[in-house]
Amino acid sequence: MKPNTSPILYHVYVRSFFDSNGDGIGDLQGVINKLDYFVWLGVDGILLSPVFESPLSDFGYDITNLRGLNPEYGSMATFTTLVEEAKQRGLSVMLDFVANHTSSKHPWFIESSAGATSAKADWYVWSPAKADGTPPNNWLTIFGESAWRWHPTRGQYYLHNTLSNQPDLNYRNADVVRELNQSVRFWLDTGVSGLRLDSVNLFLHDDKLRNNPPRHLGWQDDARADPYRYQSQRYNISRPENIHLLKQLRVIVDGYEEKKWLLGSLSDPSPYATIDRYTSEGDALDAANVFESLSLCHSVGQVGEQLDDFMKAVHPGIGCWSTGNHDIARTVSRWQDANNQPEAAKLLLTMLMSLQGVISLFQGEELGLPESDVPPSQRRDLFGQQVIANYVGRDGCRTPMPWQSSEENFGFSASSPWLPADPKHSEYTIDKQQQDDTSVLNFTRTLLQWRKQHVAMQDGACRVLAYNQTLMVLERHHADQTLIIALNASNNEATVRLNLPSEAKSLSLPHMANAVPENHGVLKLLPWQAWVGELVRG
């Protein structure tokens with residue numbers, strides 16, 4: 001990864017990226033085959049979704065071997081080739097690393113669940129039932145169900161902060177910590193540039209298993225569809241001792257001659273104080289993101305509020321930012337009034353690329369891909385199959401990448417893909433967009449080049465100057481340059497009154513209509529238009 005504070009990672013959902021062997025499933029060789037696409041686009045590196053051994057009930061987040069690859073994706077030799085080929089092109093490779101829990105089919109858990117006298121009895125978090133047979137305490141998962149599951153063979157409950165088939169490892173056990181450290185070294189030794197630690201604030205729990213207290217009054221309405229919000233998660237997540245484990249990993253990472261990155265992803269009702277603890281001292285994570293952050297937003301009002309809170313709490317303000325991922329409906333389909341419009345996609349990409357920190361661009365976002373409506377009979381996501389509370393699952397953002405307009409399955413695979421290629425994506429294929437100078441894809445490519453030409457965009461501090469539900473104004477400040485970015489995320493023309501300390505020189509954004517401030521700093525923006533001005537120094 002290039003040595004700046006705002007590298008751009010392309011988030012590859014491997015299963016849906018490119019199928020090299022015709023089995024309908026994207027694979028590591030498929031990523032190798034498309035490395036030149038990343039170079040052409042102009043990203044700094046790629047972030048791979050989990051590719052570890054797994055029964056794939058949660059498509060990779062239920063792991064049975066943290067040092068092995070799922071054969072569907074390829075061999076270790078293929079992975080090594082991927083890292084080497086990427087480096088030859090100036091691209092880094094990072095892994096989405098799932099270490100908080102394993103699959104319930106992991107050999108460790110099978111042995112641990114056999115009984116309290118097994119060699120790995122204490123490798124997971126076990127507790128007997130209370131006198132009335134109920135779980136040990138009131139902890140809930142992020143899905144609102146009990147975080148405890150009864151195991152009849154062991155005759156005890158085990159802890160799972162996520163799904164019940166993903167039991168939490170016990171990081172109070174030195175052997176488990178040793179396995180984590182060895183797994184981290186194993187992957188860093190392959191040449192990857194770093195790891196993104198999933199559920200990074202869940203590694204340790206309260207050793208006394210105390211009940212969580214109720215949250216303060218006022219949350220009940222928000223909790224109507226989310227009982228998790230009734231509790232103050234004091235004892236099951238973000239424990240103070242959690243950072244000591246991260247500091248151990250930092251020591252390992254810093255032992256390499258070349259820079260290795262430790263990123264984190266977490267979910268927490270009070271996330272920014274946690275991120276500050278994990279990043280501000282430089283002895284744990286380089287940066288972290290909150291799952292509930294931009295990826296769940298659908299207006300710049302929400303983004304402005306999130307950024308404002310983040311920048312007030314997290315020092316020096318470097319985060320991990322993305323507007324989409326493999327768990328969330330596609331940005332242009334989710335966003336208020338965007339309605340899958342190409343101009344909306346361009347504006348939202350401009351907003352993302354204006355932020356300070358590690359930028360994660362989820363595959364297909366550079367195309368302005370809309371959410372797919374996968375028929376119930378073809379859904380593969382566990383949640384979509386269950387149709388919980390009319391929730392259709394996450395398949396809609398995971399459908400195959402559309403490469404070639406004239407080929408079967410749009411060039412993703414020569415055979416029937418694991419999820420159907422979306423017919424409406426025929427107008428969004430990469431080959432079509434590469435030939436159209438005004439396309440979202442060509443806009444993205446030029447935007448990334450433009451961003452690298454401005455030191456304030458690369459390394460400048462970021463703050464929110466103003467925002468409402470449709471408008472937002474940001475500042476990126478560096479000793480050598482100060483930029484002001486105004487964004488109109490709506491279908492209507494808008495007027496922004498800029499209160500700037502000095503005159504601003506308008507900078508043309510690629511493939512976007514230019515706006516110029518009028519007298520007294522009044523800026524008129526067209527629908528889905530951005531303006532960038534550079535403050536003139538006296």
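This is a predicted model: local features need pLDDT of at least 70, side-chain atom pairs count only at pLDDT 80 or more; totals for chains, interfaces and linings use all residues.
I will start with the overall layout. The domain assignment gives two pieces: domain 1 covers 107–159, and domain 2 covers 460–535. The C-alpha centres of domain 1 and domain 2 are 54 Å apart.

Next, the empty space inside. Rolling a probe the size of a water molecule over the atoms shows where space is left empty. How many cavities of 30 Å³ or more are there? The count is three.

The largest cavity holds about 110 Å³ of space. Its lining is made up of 14 residues, and those nearest the centre are Leu 66, Thr 102, Trp 108, Leu 169 and Tyr 171. Which element gives the largest share of that lining? Helix H5, residues 174–188, does, with four residues. Sorted by class, the lining of the largest cavity has nine nonpolar residues, four polar ones and one charged one.

The second largest cavity has a volume of about 80 Å³. Its lining runs through Thr 323, Thr 331, Val 332, Ala 345, Leu 348, Leu 349, Gly 364, Glu 365, Gly 368 and Leu 369. Two elements give two or more residues to this lining, namely helix H9 at 331–334 and helix H10 at 342–353. H10 has the largest share, with three residues. By class, the lining of the second largest cavity comes to five nonpolar, four polar and one charged.

Ten of its twelve residues are buried, so H10 is mostly covered. The buried ones are Ala 344, Ala 345, Lys 346, Leu 347, Leu 348, Leu 349, Thr 350, Met 351, Leu 352 and Met 353. Of these, Ala 345, Leu 348 and Leu 349 have already come up in the lining of the second largest cavity. As a check on the length of H10, twelve residues at 1.5 Å a residue should span 16 Å, and the end C-alpha atoms are 17 Å apart, which agrees.

The buried residues of H8 are Val 300, Gly 301, Val 303, Gly 304, Leu 307, Phe 310 and Met 311. What covers them? The cover includes helix H7 at 271–279, strand E12 at 319–321, H10, strand E14 at 461–467 and strand E15 at 471–478. The same length check works for H8: its 14 residues should span 20 Å at 1.5 Å a residue, and the end C-alpha atoms are 20 Å apart, so the two agree.

H7 is mostly covered as well, with seven of its nine residues buried. Those seven are Pro 271, Tyr 272, Thr 274, Ile 275, Asp 276, Tyr 278 and Thr 279. They pack against H6, strand E10 at 261–266, strand E11 at 287–290 and H8.

A cis peptide bond joins His 315 and Pro 316, with omega about 10°. Pro 316 sits in the loop between H8 and E12.

Ser 238 has phi near 50°. It lies in the loop between strand E9, residues 194–197, and helix H6, residues 242–254. Is Ser 238 buried or exposed? Its relative accessible area is 12%, and buried means under 20%, so Ser 238 is buried.

Asn 340 has a phi of about 65°, again positive. This residue is in the loop between H9 and H10. Its relative accessibility is 26%, so Asn 340 counts as partly exposed.

That is the end of the tour.

Conventions. Residues are numbered from 1 along each chain as its sequence is written. Side-chain values use heavy atoms; hydrogens and water are left out. On a 1 Å grid over the protein atoms alone, a cavity is a set of points where a 1.4 Å probe fits but cannot get out, and a pocket is an open set with protein on both sides within 12 Å along at least five of seven lines; lining residues have an atom within 4 Å of a point. Grid points are joined across faces, edges and corners, and a volume is the space filled by probe spheres set on the points. Ala, Val, Leu, Ile, Met, Phe, Trp, Tyr, Cys and Pro count as nonpolar, Asp, Glu, Lys and Arg as charged, and the others, Gly among them, as polar. Domain bounds come from an automatic or database domain assignment. The expected span of a helix is 1.5 Å times one less than its number of residues. Buried means under 20% relative accessible area, exposed over 50%, partly exposed in between (1.4 Å probe, protein chains only). Contact means heavy atoms within 4.5 Å.
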